[in-house]
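Subject: Structure for you to look over

Hello,

Here is the structure I promised to pass on. Please open it alongside this note. My findings follow below it.

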Amino acid sequence: NYRSLAPIISLLSVSHTPECQLWAAWALANLTLFDEDKYCHLVEEEGGLETVQRIMEQILGESFTMDTNQQCSAVKKKLLELGQRTNHNILEWKRKMAKIEESGNGLVISEVGNSYLIQRN
């Protein structure tokens, strides 16, 4: 139960130790899948999505400049996959939130401490 994902997100920048990046990418992909209402917002607010996308762009850029005999390492392939999952999870969460807003059901959901308060508008 994290109040901030900044420590995890900061590990994405540890490029000299790809295993740190891999763990952080795995954590973000899982947190945004299993507790999306809490963590998708945090990942985006704290710059995690931008960082994940930058890593994905870097890996894809490197793959275009490689010789045909070279391949991306297994860690980089997994980083790319986990980045895509995180990106997808956040996109799906945004779509869900947009549908809730569009429905105009007159409910307001507010976070209060570690729980949510649902009130009629």
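This is a predicted model: local features need pLDDT of at least 70, side-chain atom pairs count only at pLDDT 80 or more; totals for chains, interfaces and linings use all residues.

Cavity

The structure holds one cavity of 30 Å³ or more. The largest cavity has a volume of about 30 Å³. Which residues line the largest cavity? They are Leu-12, Ala-25, Val-52, Ile-55, Met-56, Leu-79 and Gly-83. Helix H4 (48-65) and helix H5 (74-103) are the elements that each supply two or more of the lining residues. H4 gives the most, with three residues. By class, the lining counts six nonpolar residues, one polar and no charged. Gly falls in the polar class, and Gly-83 is among the lining residues.

Helix packing

Now to H2 and H3. Helix H2 (residues 18-34) packs with helix H3 (residues 36-45) at an angle of about 135°. Their axes are 6 Å apart. That angle makes H2 oblique to H3. The crossing of the two helices is left-handed. Which residues make the contact? From H2 come Leu-28, Leu-31, Thr-32, Leu-33 and Phe-34. H3 contributes Glu-36, Tyr-39, Cys-40 and Val-43. By class, the H2 contact with H3 has seven nonpolar residues, one polar and one charged. Glu counts as charged, and Glu-36 is on the H3 side of the contact.

Over to you.

Best wishes

Technical notes: Residues are numbered from 1 along each chain as its sequence is written. Side-chain values use heavy atoms; hydrogens and water are left out. Axes are lines fitted to C-alpha atoms, for helices over the stretch in contact, and angles run from 0 to 180 degrees between N-to-C directions. Helices (H or I, at least four residues) and strands (E, at least two) are DSSP runs, numbered from the N terminus. Angles under 35 degrees count as roughly parallel, over 145 as roughly antiparallel, 65 to 115 as roughly perpendicular and the rest as oblique. A crossing is left-handed if the near helix is turned anticlockwise from the far one by less than a right angle, and right-handed if clockwise. Contact means heavy atoms within 4.5 Å. On a 1 Å grid over the protein atoms alone, a cavity is a set of points where a 1.4 Å probe fits but cannot get out, and a pocket is an open set with protein on both sides within 12 Å along at least five of seven lines; lining residues have an atom within 4 Å of a point. Grid points are joined across faces, edges and corners, and a volume is the space filled by probe spheres set on the points.
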